[in-house]
Amino acid sequence: MRAPLAPWLRTTVTLLPLAFGVALAQGVESAELAELAYAFDTFALLMCAVLVLHMKPGFALLEAGLHGSKNAINIFMKNYATLAIAGLAFWAVGFSIMYGAPLFVAGYEAEAYPGAADFLFQMVFAATAATIVSGTIGGRMKFPAYLIFAVVMTALIYPFLGSWHWGGGWLSEMGFYDFAGSSVVHAVGGFAALGGALAVGPRLGRYVGNRVVAMPGHNLPLAGMGVFLLWIGWFGFNGGSQLAFSSEGDARAIATVMLNTNLAAVGGAVAALFLSWGIFKKPDFSMTLNGVIAGLVSITAGPDVINGIWAVLAGAIGGVVVTYSILFFDKLKVDDPVGAISAHGTVGIWGTVAVGIFGGANLGVQVLGTLAYAGVAFVATYALFMALKAVMGIRVTAHHEVGGLDIAEHGAEAYRNADSLNNPVLMGAGD
Amino acid sequence: MRAPLAPWLRTTVTLLPLAFGVALAQGVESAELAELAYAFDTFALLMCAVLVLHMKPGFALLEAGLHGSKNAINIFMKNYATLAIAGLAFWAVGFSIMYGAPLFVAGYEAEAYPGAADFLFQMVFAATAATIVSGTIGGRMKFPAYLIFAVVMTALIYPFLGSWHWGGGWLSEMGFYDFAGSSVVHAVGGFAALGGALAVGPRLGRYVGNRVVAMPGHNLPLAGMGVFLLWIGWFGFNGGSQLAFSSEGDARAIATVMLNTNLAAVGGAVAALFLSWGIFKKPDFSMTLNGVIAGLVSITAGPDVINGIWAVLAGAIGGVVVTYSILFFDKLKVDDPVGAISAHGTVGIWGTVAVGIFGGANLGVQVLGTLAYAGVAFVATYALFMALKAVMGIRVTAHHEVGGLDIAEHGAEAYRNADSLNNPVLMGAGD
Amino acid sequence: MRAPLAPWLRTTVTLLPLAFGVALAQGVESAELAELAYAFDTFALLMCAVLVLHMKPGFALLEAGLHGSKNAINIFMKNYATLAIAGLAFWAVGFSIMYGAPLFVAGYEAEAYPGAADFLFQMVFAATAATIVSGTIGGRMKFPAYLIFAVVMTALIYPFLGSWHWGGGWLSEMGFYDFAGSSVVHAVGGFAALGGALAVGPRLGRYVGNRVVAMPGHNLPLAGMGVFLLWIGWFGFNGGSQLAFSSEGDARAIATVMLNTNLAAVGGAVAALFLSWGIFKKPDFSMTLNGVIAGLVSITAGPDVINGIWAVLAGAIGGVVVTYSILFFDKLKVDDPVGAISAHGTVGIWGTVAVGIFGGANLGVQVLGTLAYAGVAFVATYALFMALKAVMGIRVTAHHEVGGLDIAEHGAEAYRNADSLNNPVLMGAGD
């Protein structure tokens with residue numbers, strides 16, 4: 001016969017299963033909580049990616065509206081092609097170059113969410129960097145030349161440059177700070193656009209002697225709609241760049257980021273509106289639109305650290321910078337129908353530097369980093385377009401340019417009333 | 001030598017750390033759960049704010065489409081300026097007046113999410129109240145006068161009125177019920193628009209003797225797109241107004257709110273479509289669009305308590321009210337190019353009263369509250385505009401009005417084909 | 001006097017409350033976690049429903065842009081009416097037929113979220129199926145006839161067909177696989193459109209002898225914006241169809257679904273772009289737009305099981321199928337102004353079959369199921385329209401068709417400059 005357990009042991013034995021049961025249940029619980037956090041992080045990142053996707057029609061409408069109606073289809077084709085190409089090239093190659101992930105995102109895992117969600121969010125950034133160029137070279141570049149650029153940009157140039165900072169490269173090690181891509185996306189896109197503009201040259205008739213001939217956009221309501229979509233999408237662009245959503249700290253950071261993003265957009269809009277009022281004697285619409293974009297680009301490097309009134313100020317300075325930058329590039333006879341070199345390029349530099357001034361980052365590193373981004377993006381893109389120029393030509397004929405790329409490149413017209421011949425009061429024709 | 005512990009104390013001592021460990025782990029766990037709920041509440045509110053932001057291009061497109069093409073840029077400029085001004089003035093001052101928060105939202109904390117998220121959600125409501133006015137006074141008001149109105153509206157008038165209910169003021173204490181702002185936002189915006197319309201007077205040539213001269217909008221597809229954006233944005237407007245997302249009760253409330261919101265929109269659309277069919281012998285497009293808005297405004301005070309068929313009915317009555325209200329104001333020679341006084345003002349009153357009829361609120365208090373909102377918004381805005389009229393003038397010259405505000409106020413035209421001279425088949429000109 | 005407790009019992013009694021307290025707290029905790037998961041599932045599904053709602057303006061803009069300007073208002077009226085009718089008819093009757101829920105969704109409960117959220121998500125699917133038809137029969141059908149179709153489609157036809165699979169009916173039992181509705185929504189909508197097109201006949205002047213007369217759309221930028229909205233909305237359409245969001249497995253599935261959805265869209269766009277380039281010698285815009293839609297429809301049956309390169313391939317084949325299908329139906333003199341029969345119908349069949357080829361589903365069942373869907377949708381819709389034809393007529397007069405449905409059916413014009421007579425440089429009229 002076994003000796004009975006000592007009473008205290010008996011108690012312990014009695015209670016232990018209960019305690020272990022509780023602890024076990026708690027383990028299950030804890031795993032469930034972690035799982036819910038994972039699911040929430042995933043969904044939030046995907047929603048932000050979808051918000052950023054709103055920027056694609058945003059750019060398409062802005063660019064189409066600011067070009068002549070004879071080029072509207074071509075603008076849309078380039079924007080669709082850019083998104084398609086980014087979806088393929090950045091998926092097959094670019095993402096791997098930028099983040100060291102496997103080719104084709106195959107089997108890639110991120111920590112807080114599935115690799116596929118991480119990729120989708122990063123892919124729309126790559127598409128943005130490339131799309132910025134499409135407006136600047138509008139109205140005169142051959143469609144195939146642009147397609148090749150978009151492939152190289154999303155497969156190689158943007159990923160290579162992005163790896164310097166977001167891929168953990170040398171700029172990251174130096175303490176460079178670019179939260180959502182004032183430099184990585186916007187300065188890169190803007191200075192790539194400069195490379196394209198120099199390679200392809202200005203539109204025919206744009207510069208006559210020292211005079212800049214106004215070539216107003218054909219449909220400013222489209223442009224107005226486009227910038228609203230950019231503004232909306234930017235909340236995903238900057239907010240989602242926190243890349244984590246489920247802790248209280250993340251939540252606070254994202255709310256702060258979104259508030260500062262809006263304050264800077266507002267600062268840029270107001271500054272450009274009043275500055276253009278001063279310069280042109282009337283508050284200018286397309287300058288105000290560029291002011292909104294400039295405000296947004298100004299805060300993109302530091303929406304988490306440039307707070308409140310400083311965000312307004314950073315955006316307002318961006319609104320001033322974009323206005324003078326547009327006038328400056330026109331003086332240089334660099335033709336940019338949509339002002340993207342200035343709004344994304346010049347202001348992208350400003351936004352990066354602003355984190356050194358208002359946000360506590362090392363100013364020298366910020367300057368070095370953004371100049372490196374702008375410089376290499378410019379040189380790489382210029383070299384690419386010059387090579388394409390030598391090999392296949394990048395500019396359409398004068399005849400095609402005057403007639404418009406829609407007919408020349410796509411055999412169609414953006415606006416038609418061919419089946420309305422019996423209704424003469426349409427589209428203003430009968431007024 | 002110490003006396004040994006009594007056996008039962010020994011057991012207790014043995015097991016206590018385990019029990020405490022479990023309890024401690026559970027405390028951590030519980031904190032993590034609370035944190036996740038906080039993060040989720042934050043993200044959900046921010047997403048709703050971004051949805052409401054869709055209403056800005058929604059209003060801009062609707063208003064631009066229903067005005068002549070000569071005023072399209074001016075409409076967009078006012079809508080951008082309104083959003084920018086709300087982003088500054090409601091941030092600096094208005095939010096503090098409305099909710100007793102610190103100026104500049106500095107250090108403000110909400111309970112379930114960061115103060116910045118709370119502010120962003122409330123800011124887009126302030127912008128909505130102001131934007132409602134921009135369409136009604138379109139085509140004849142000086143741009144600077146509108147800017148000053150927008151500042152006063154988002155810094156003072158809307159916050160002061162909003163404090164009566166959402167800021168915990170006297171109407172709140174009386175049991176007034178306005179879930180998402182049929183009165184606080186829409187009746188206020190709509191009757192402010194009435195104040196503006198009376199102060200600035202009708203467009204030239206709108207009323208000839210007793211005849212109302214039709215001045216049809218220049219681009220109804222823009223208006224059609226605009227109202228779809230309003231419909232989409234309203235899911236954030238009403239759904240987000242639950243202001244809490246993480247409990248089962250909140251989830252049920254939000255789903256109910258969104259369903260009732262859709263049912264009322266549908267009721268308003270169908271009622272206006274068929275009523276206009278009866279009145280004009282054909283189903284009218286712009287009346288159907290106003291029916292959608294009216295349906296949405298009708299449910300905005302009580303989307304959580306006016307359920308199912310009653311939501312359809314409330315919306316349908318809104319669709320009838322907006323139709324007759326538009327005809328009524330035209331009889332009074334109050335010129336409202338977009339019908340905002342009726343769709344937001346008159347129907348805003350109806351929506352508030354509807355909660356007393358279908359939703360269990362005190363009917364007397366609902367009537368009192370909504371009339372107070374409508375009355376004070378009207379008087380304040382009318383007084384403001386009359387003061388501006390005396391000081392600086394609020395109406396453009398007849399010459400400018402006939403030529404359009406786009407050229408007069410902004411030196412630009414919404415639609416141009418200046419660079420398309422060699423392509424005669426554009427925009428219908430060659431057909 | 002009571003005997004004292006044995007020491008070990010005393011210990012047990014001492015510690016039990018603590019242990020029970022912990023366990024009890026944990027029960028509360030567990031309930032809170034479940035509640036948070038419920039709230040998150042609800043919000044995520046509602047956000048997906050709102051994303052799908054973006055497809056309504058998407059379809060409206062696409063269809064309006066591809067029709068003549070004389071029919072733009074009519075297109076918008078049909079799209080608004082479809083959404084309104086779906087919101088009423090699918091709510092009152094259809095949802096009950098499809099899922100066995102109570103009429104009017106009254107008291108309906110889903111498992112992981114409120115019944116109202118489940119209904120809203122399913123309702124936008126019903127609206128999509130009906131809307132697909134509105135473009136195909138554009139420009140010649142009487143508005144009342146379309147309204148009656150929309151009622152029958154969303155109350156009876158779509159719900160009846162949907163019940164076969166998603167309602168747990170015979171196809172579900174056979175192992176048919178259609179994740180988000182290549183067949184249930186798109187093939188049904190596309191072949192209903194075929195029924196409508198055959199019943200109403202081609203537009204006047206469309207087929208002259210063996211020649212197909214081009215009737216180009218009046219506003220391709222609208223169409224371009226529309227397809228961007230479809231692309232955006234499809235992330236909710238396919239992603240939300242997982243119908244559960246809060247587990248790690250769900251999160252992984254949704255991210256995979258969204259990635260594959262994008263890859264297929266990209267595959268379709270690229271294939272249609274290059275194929276049209278080959279056929280027409282120029283990359284065609286409207287074919288590229290149809291390629292995007294075709295890519296999206298191709299993956300909709302199996303976005304969770306057709307992965308990576310196979311998603312690209314499935315989409316690309318869709319892009320090829322839509323191109324030849326459009327040419328084929330024109331050969332047959334079946335007039336489809338927007339290509340919806342091909343993009344949704346033919347490609348809907350392909351997408352369903354693709355899950356049998358690339359995704360492991362039973363190929364025979366997939367073929368049987370999709371043909372059953374296409375066949376019954378076609379026959380039911382054709383029969384309905386032929387009955388309406390006999391009873392009330394479904395086609396407008398030739399006079400009305402030539403003048404456009406906007407004036408004939410709605411007494412309005414989409415584009416006007418009536419108040420701009422003194423500004424001759426508007427809308428291209430003066431260039």
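**Stop one: a loop in chain B**

Select Val213(B), which lies in the loop between strand 2 (211-212) and helix 8 (220-239) of chain B; helices (H or I, at least four residues) and strands (E, at least two) are DSSP runs, numbered from the N terminus. This is a predicted model, in which local features need pLDDT of at least 70 and side-chain atom pairs count only at pLDDT 80 or more, while totals for chains, interfaces and linings use all residues. Residues are numbered from 1 along each chain as its sequence is written, chains are lettered from A and ligands numbered from 1 in the order in which they are written, and side-chain values use heavy atoms, with hydrogens and water left out.

Not counting residues up to four places away in sequence, Val213(B) touches Gly205(B), Arg206(B) and Val208(B), where contact means heavy atoms within 4.5 Å.

**Stop two: two helices of chain B**

Select helix 10 (residues 285-299) and helix 11 (residues 309-331) of chain B, which pack at an angle of about 130 degrees with their axes 7 Å apart. Axes are lines fitted to C-alpha atoms, for helices over the stretch in contact, and angles run from 0 to 180 degrees between N-to-C directions. That angle makes helix 10 of chain B oblique to helix 11 of chain B; angles under 35 degrees count as roughly parallel, over 145 as roughly antiparallel, 65 to 115 as roughly perpendicular and the rest as oblique. Among the residues that meet here are Gly291(B) and Gly295(B) in helix 10 of chain B and Gly315(B) and Gly319(B) in helix 11 of chain B. The residues of this contact divide into 7 nonpolar, 8 polar and no charged, with Ala, Val, Leu, Ile, Met, Phe, Trp, Tyr, Cys and Pro counted as nonpolar, Asp, Glu, Lys and Arg as charged, and the others, Gly among them, as polar.

Next, select helix 5 (residues 143-165) of chain A and helix 9 (residues 248-280) of chain C, whose axes come within 14 Å and cross at roughly 155 degrees. That makes helix 5 of chain A roughly antiparallel to helix 9 of chain C. Zoom in on Phe143(A), Pro144(A) and Leu147(A) in helix 5 of chain A, which meet Leu273(C), Phe274(C) and Trp277(C) in helix 9 of chain C. The residues of this contact divide into 6 nonpolar, no polar and no charged.
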